[in-house]
Amino acid sequence: MPSSFEELKIPAYGEKAPLSTLAQIVVKNATTIQLNVFDETSIPSIQKVLSARHCNMIERYVSIVDCWTFWFECPSEETR
C-alpha cells in the first residue's frame, strides 16, 4: 500500500482535502483497505479518485452510526 495513500487529495467541501480527513483508513493487507467514510456526500469523489488509482470496490456496508464502510482492493506498487 503506498505510504502516500492517506494524503490523496479528494475534492470535497469546495476544496481538495486529504483522504485521511474524510475517512478512517484501515489497511487490511498489502492490497486491501477499508475506508470508514464520515460524510456520505464525499463518497462519489473518493470512489472516483481511488478508481483512477486502479482500486476496485469489493464490498460496501452502510453503518447505522452515520459511517459508510467500503473495502477496496488496490494493486501494489510493484504490480503497476
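1. A residue is called buried when its relative accessible area is under 20% and exposed when that value is over 50%, with partly exposed residues in between. By this definition strand β6, residues 68–73, is mostly covered, since 5 of its 6 residues are buried. The model discussed here is a predicted one, and the points below should be read with that in mind.

2. On the overall fold, the protein chain has 2 helices and 6 strands, and these elements follow the pattern β-β-α-β-β-α-β-β when they are read along the sequence. Of the 80 residues in the protein chain, 40% are buried. The chain exposes about 4900 Å², of which carbon and sulfur atoms supply 51%. Among the contacts with a separation of 6 or more, 43% are made by residues 24 or more positions apart.

3. Which strand is joined to β6 by 6 bridges? The partner is strand β4, residues 32–37, and the two strands run antiparallel. Within this pairing, Q34 stands opposite W71 in β6.

4. The whole structure contains 1 aromatic pair according to the search. The rings of F70 and F72 have their centres 6.2 Å apart and their planes at 35°, and the pair is therefore classed as tilted, because planes under 30 degrees apart would count as stacked and those over 60 as edge-to-face. Both partners are covered: F70 has a relative accessibility of 1% and so counts as buried, while F72 is buried with a relative accessible area of 2%.

5. A search of the whole structure also finds 1 disulfide, which joins C55 to C74 with an S to S distance of 2.2 Å. This pair links distant parts of the chain, with C55 in the loop between α2 (43–52) and β5 (56–62) and C74 in the segment after β6, the two being 19 residues apart. The link of C55 and C74 is right-handed, with 120° about the S-S bond. As for accessibility, C55 is buried because its relative accessible area is 6%, and C74 is likewise buried, with a value of 4%.

6. When its neighbours within four places in sequence are left aside, S42 is in contact with L22 and V37.

7. Two backbone angles deserve a reader's attention. Most residues other than glycine have a negative phi. Y13, however, has a positive phi of about 60° although it is not a glycine, and this residue lies in the loop between β1 (9–12) and β2 (15–18). H54 also has a positive value, with phi near 65°, and is likewise a residue other than glycine; H54 is found in the loop between α2 and β5.

8. The accessibility of these two residues can be stated as well. Y13 counts as exposed because its relative accessibility is 56%, and H54, at 54%, counts as exposed too. The loop between α2 and β5 thus holds the exposed H54 as well as C55, which is buried at 6%.

Technical notes:
Residues numbered from 1 in each chain as written. Predicted model: local features only at pLDDT ≥ 70, side-chain atom pairs only at ≥ 80, totals over all residues. Heavy atoms only, no water. Phe/Tyr/Trp six-rings, centres within 6.5 Å; stacked < 30°, edge-to-face > 60°. Buried < 20%, exposed > 50% of the residue type's maximum accessible area, 1.4 Å probe, protein only. Helix = DSSP H or I, 4+ residues; strand = E, 2+ residues; numbered from the N terminus. Contact = heavy atoms within 4.5 Å. Areas by Shrake-Rupley, 256 points an atom, 1.4 Å probe, with all protein chains shown as cover. Pairing = 2+ DSSP bridges. Disulfide = S-S within 2.5 Å.
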